[in-house]
Amino acid sequence: MQLRLDQLAGHLQKSLRPLYTLWGDEPLLAQEAGDAIRAAARAAGHTEREVHVASGAHFNWSALLGAAQAMSLFADKQLIEIRIPSGKPGKDGSEALQRYCKALSDDVVTLIQLPRLDRQQQASAWFAALDAAGVTIRIDAIERKALPQWIAQRLALQGQRVEGGEAGQRTLAFFADRVEGNLLAAHQEIQKLGLLYPAGELGFEQIEQAVLNVARYDVFKLGEAVLAGQVARALRMLDGLQAEGEAAVLVHWTLAEDIRALKRVKDALGAGKPLPLALRDARVWGVKERLFERALPLFSDNALAQLLHAAQVCDGLVKGLKHPDWPLDPWEGLKRLVLMTAQCSASVSPGKMVRLALQA
């Protein structure tokens, strides 16, 4: 049975299932969900806890099965945690997990923790067995557009809020910019505000002085921001990636792959292919599908040809080559490539694009 993360608290108040599977790539939310399940298990009398980490090919799955079944008549109820950091239990683990699901007992609550899973892992026999036998909860990262609301909700839990109206929204947007991509640090910054200031309304100056810039950026999120036409955010992310020591080669590869995919999909549409098939053939999935659907009409054939040439020039820059019409610094070249691509995605004039760049 699949549950959304926001449904977990209500579920645990009503019932406790013998098996819970948490999977996803957001450590803070996974930790909080796990803590909620542990607390519910303790309240139900599961006071004996065992933790098994299946971190290698030599993990003893037979011992895990034995531990779950070795309940003595007078033993406390158990909470067994199984952590699979790779998300790949292997052949022996797959078979063991499927047997484990068939032997569940009300005397044992099992909590399985997994990282983000790809489509193949989600379609595997072992994951299907976990989903059928218990509760599975997908833990997604908080997207940038949802981050201000998440911050406001967390502030409300400690009795704090920003001012109403547009001014408050600007304050939350400023807060989100400083903690984007680093939810655990965002949580710590919110807690710090609770220690520094009493309950009630927080002004922009208070948050500006207290909240550190702890944002962490993902190179693949940079590509999403460019395709969405979020110019200032994309430039801020590019600066952040450079400051964090990310390889310019990887940043270029991500941007160039999106440009090449746009070209392939555009050509496929011109040849009469339906959009869903064109996107699938270009290996465009998930969030990128919606971004491509929005951006494709904004990219002319001539614009894509210019972007492909620019990506080729940037490929040389990040490898130490020079070009007479481009900056020597590869990161400055990447900035130009971001601006050229975002100009099409945002469908704005070059003049306005320059102003947006100066505001970043």
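1. Helices here are DSSP runs of H or I with at least four residues, and strands are runs of E with at least two, both numbered from the N terminus. Counted that way, the protein has 18 helices and eight strands. Please keep in mind as you read on that this is a predicted model.

2. A few overall values to start with. The protein has 360 residues, and 44% of them are buried. Along the principal axes, its C-alpha atoms fill a box of roughly 80 × 55 × 40 Å. If you take the contacts between residues at least 6 apart in sequence, 75% of them join residues at least 24 apart.

3. Now to the aromatic rings. The structure contains four aromatic pairs. In the pair of F59 and W61, the ring centres are 4.9 Å apart and the planes stand at 80°, so this pair is edge-to-face. Both F59 and W61 are buried. Elsewhere, W23, W126 and F127 come together as one aromatic cluster.

4. How do α4 and α6 pack? Helix α4 covers residues 90-102 and helix α6 covers residues 125-133; their axes are 8 Å apart, at an angle of about 15°. Angles under 35 degrees count as roughly parallel, and α4 and α6 are therefore roughly parallel to each other. The crossing of α4 past α6 is left-handed.

5. Which residues of α4 and α6 meet? From α4 come S94, L97, Q98 and C101, and from α6 come A125, W126, A129, L130 and A133.

6. Is R99 buried or partly exposed? Its relative accessible area is 44%, so R99 is partly exposed. Along the chain, R99 and L65 are 34 residues apart, while 8.3 Å separates their C-alpha atoms.

7. With a relative accessible area of 18%, N182 is buried, because buried means under 20%. Which residues is N182 in contact with, leaving aside its neighbours within four places in sequence? They are V214 and R216.

Methods: Residues numbered from 1 in each chain as written. Predicted model: local features only at pLDDT ≥ 70, side-chain atom pairs only at ≥ 80, totals over all residues. Heavy atoms only, no water. Phe/Tyr/Trp six-rings, centres within 6.5 Å; stacked < 30°, edge-to-face > 60°. Buried < 20%, exposed > 50% of the residue type's maximum accessible area, 1.4 Å probe, protein only. Axes fitted to C-alpha atoms, helices over the stretch in contact; angles between N-to-C directions. Parallel < 35°, antiparallel > 145°, perpendicular 65-115°, else oblique. Left-handed = near helix turned anticlockwise from the far one by under 90°. Contact = heavy atoms within 4.5 Å.
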